[in-house]
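Hi,

Here is the structure I promised to pass on.

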Amino acid sequence: MKSQRNGKSKILSQSEYEQLLQEVPHKYAVLLRLLMVSGFRISECLSLQTEDLMEASVLVRKCSTKGKRSTREVPLPQDLMEELKSISDGKQFIFESKHKPNQPLTRQSCDYIFRNACRELGIEGFSLHGTRRFFIHTLHHKNVPLKVIQTAVGHSEMRSTAAYI
């Protein structure tokens, strides 16, 4: 999906984002919204369990993070929290595999869905990691301090966060 971007995924325009939300099945649209507003890695989203849903936030456990260093609680919009609760519907994982009960969706299945949707829409250069870049860029352009962004996305090193900007 990436094309000549030196390893950097395209950041979707508002129009492309809205088209993609319409093109993918509902569960994947909720996943895309979560990625865009949270800055989560795709692996962090897929490992979320129903018990990680709090009243107005979601808990990303350290065992689900890349460095496995710290747990973080991330506030989310109320309408998204309600959608997450709705699609989890008592299952162990919020984004549970249809083919493997009690197992999360795989990154590969998500990539497949989004790659095909992007192809249908003529969107080039996008990957799910681009949602993380979008989140970090958005906070940076709103003058949020880099240290706050670093904490929000779970980076242990400031230079990791700075590389996204």
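Let me start with a side-chain pair: E44 and R41 are joined by a polar contact of 2.7 Å (N or O atoms within 3.5 Å, where within protein one must be able to donate a hydrogen and the other to accept it, and residues adjacent in sequence count only if both atoms are side-chain atoms). E44 sits in helix 3, residues 42-46, and is buried at a relative accessible area of 0% (buried is under 20%, exposed over 50%, partly exposed in between, with a 1.4 Å probe and protein chains only).

Before you read on, note that this is a predicted model: local features need pLDDT of at least 70 and side-chain atom pairs count only at pLDDT 80 or more, while totals for chains, interfaces and linings use all residues. Residues are numbered from 1 along each chain as its sequence is written, and side-chain values use heavy atoms, with hydrogens and water left out.

On the overall fold, the chain has eight helices and two strands, in the order α-α-α-β-β-α-α-α-α-α (DSSP runs numbered from the N terminus: helices are H or I with at least four residues, strands E with at least two). The radius of gyration is 15 Å, which agrees with the value near 15 Å for a compact globule of 165 residues (taken over C-alpha atoms; the rule is 2.2 Å times the number of residues to the power 0.38). Buried residues make up 43% of the 165.

S88 is another one to click on. It belongs to helix 4, residues 78-88, and counts as buried at 2% relative accessibility. A polar atom of the S88 side chain lies 2.9 Å from the backbone oxygen of K85. Neighbours within four places in sequence aside, S88 is in contact with T50, L53 and I94 (heavy atoms within 4.5 Å).

Finally, the second largest pocket has a volume of about 270 Å³. A pocket here is an open set of points on a 1 Å grid over the protein atoms alone, where a 1.4 Å probe fits, with protein on both sides within 12 Å along at least five of seven lines; the volume is the space filled by probe spheres set on the points. Its lining is 14 residues, with Y28, S97, H99, L105 and S109 nearest the centre (lining means an atom within 4 Å of a point). Helix 2 (26-38) and helix 5 (107-121) are the elements that give two or more residues to that lining, and helix 5 has the largest share, with three.

Cheers
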